[in-house]
Amino acid sequence: KYLAALLTMLPLCAQIERGSRHLMGLNQPLTAPSGRSARAIAQDFMESQVATTLSLTPADMAELDVVKEYRTAHNGVTHLIFKQRFRGVDVYNAEWVVNIARDGSILNAGGKLFYAPPPDLVLPEMSAAMPAVRAAVRSINPKAAQNYFPTIAGTTSRRNGIRLSGGSLPETIDGQLIWYGSSGGVKPAWLFY
């Protein structure tokens with residue numbers, strides 16, 4: 001009875017989404033202690049171990065940046081959060097975290113990263129946001145969409161951000177050109193706020 005339940009569960013446990021992993025040392029940290037800065041330790045680990053483990057190329061790793069670094073006071077662990085971009089455009093659901101102990105050893109790391117899009121994949125012009133936002137408004141409120149004909153009102157502080165206004169909506173809508181990552185790779189998309 002228990003063996004049958006375990007065999008039923010095994011295929012689910014073995015399915016790891018492409019690019020999504022968690023790396024942990026079983027009895028010891030992933031790396032030896034180091035006196036270097038946490039950022040330098042994490043960067044080297046990303047370029048060597050993570051790139052190799054996930055079969056990522058230099059192009060996949062080229063625009064990977066630390067967006068947040070903080071230290072937990074009670075245990076001295078430094079947490080570094082990496083985000084991925086391609087061609088200056090953020091990948092919406094890509095993130096990798098590296099946790100470094102007080103002695104400079106990497107305790108664990110994990111997250112999700114994606115392969116770079118093919119170079120011939122063309123990003124949409126900013127004007128493509130207008131039909132996209134109209135479709136988003138139509139999916140939320142079909143009545144409001146009948147009189148919503150947006151125009152570009154400017155940019156926002158977000159990377160690749162755009163501000164759209166028009167029609168009977170009382171507020172402007174902010175949007176952002178992003179790469180949306182899924183099991184099929186990354187695709188250009190618009191994220192609206």
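Modeller: A salt bridge here is a side-chain nitrogen of Lys or Arg within 4 Å of a carboxyl oxygen of Asp or Glu. Bear in mind that this is a predicted model.

Biologist: How far apart are the closest N and O atoms of E63 and R85?
Modeller: The cut-off is within 4 Å. E63 forms a salt bridge with R85. Their closest N and O atoms are apart by 3.8 Å.

Biologist: Which parts does that pair tie together?
Modeller: R85 lies in strand β3, 22 residues from E63 in sequence. E63 sits in a loop, so the pair ties strand β3 to the loop between α3 and β2.

Biologist: Is R85 buried or exposed?
Modeller: Buried means under 20% relative accessible area. R85 has 15%. E63, at 22%, is partly exposed. R85 therefore counts as buried.

Biologist: Which residue joins E63 and R85 in a network of salt bridges?
Modeller: The network links E63 and R85 with one further residue.

Biologist: Which residue of helix α2 pairs with E69?
Modeller: E69 is in strand β2, and its partner is 30 residues away in helix α2. The salt bridge spans 3.0 Å, N to O. The partner is R39.

Biologist: Where does helix α2 bend?
Modeller: Helix α2 covers residues 38-53. The bend is about 40°. Among the buried residues of α2 are F45, M46 and V50. The bend falls at M46.

Definitions and conventions
Residues numbered from 1 in each chain as written. Predicted model: local features only at pLDDT ≥ 70, side-chain atom pairs only at ≥ 80, totals over all residues. Heavy atoms only, no water. Bend = angle between axes of the 7 residues up to and from the residue. Helix = DSSP H or I, 4+ residues; strand = E, 2+ residues; numbered from the N terminus. Buried < 20%, exposed > 50% of the residue type's maximum accessible area, 1.4 Å probe, protein only.
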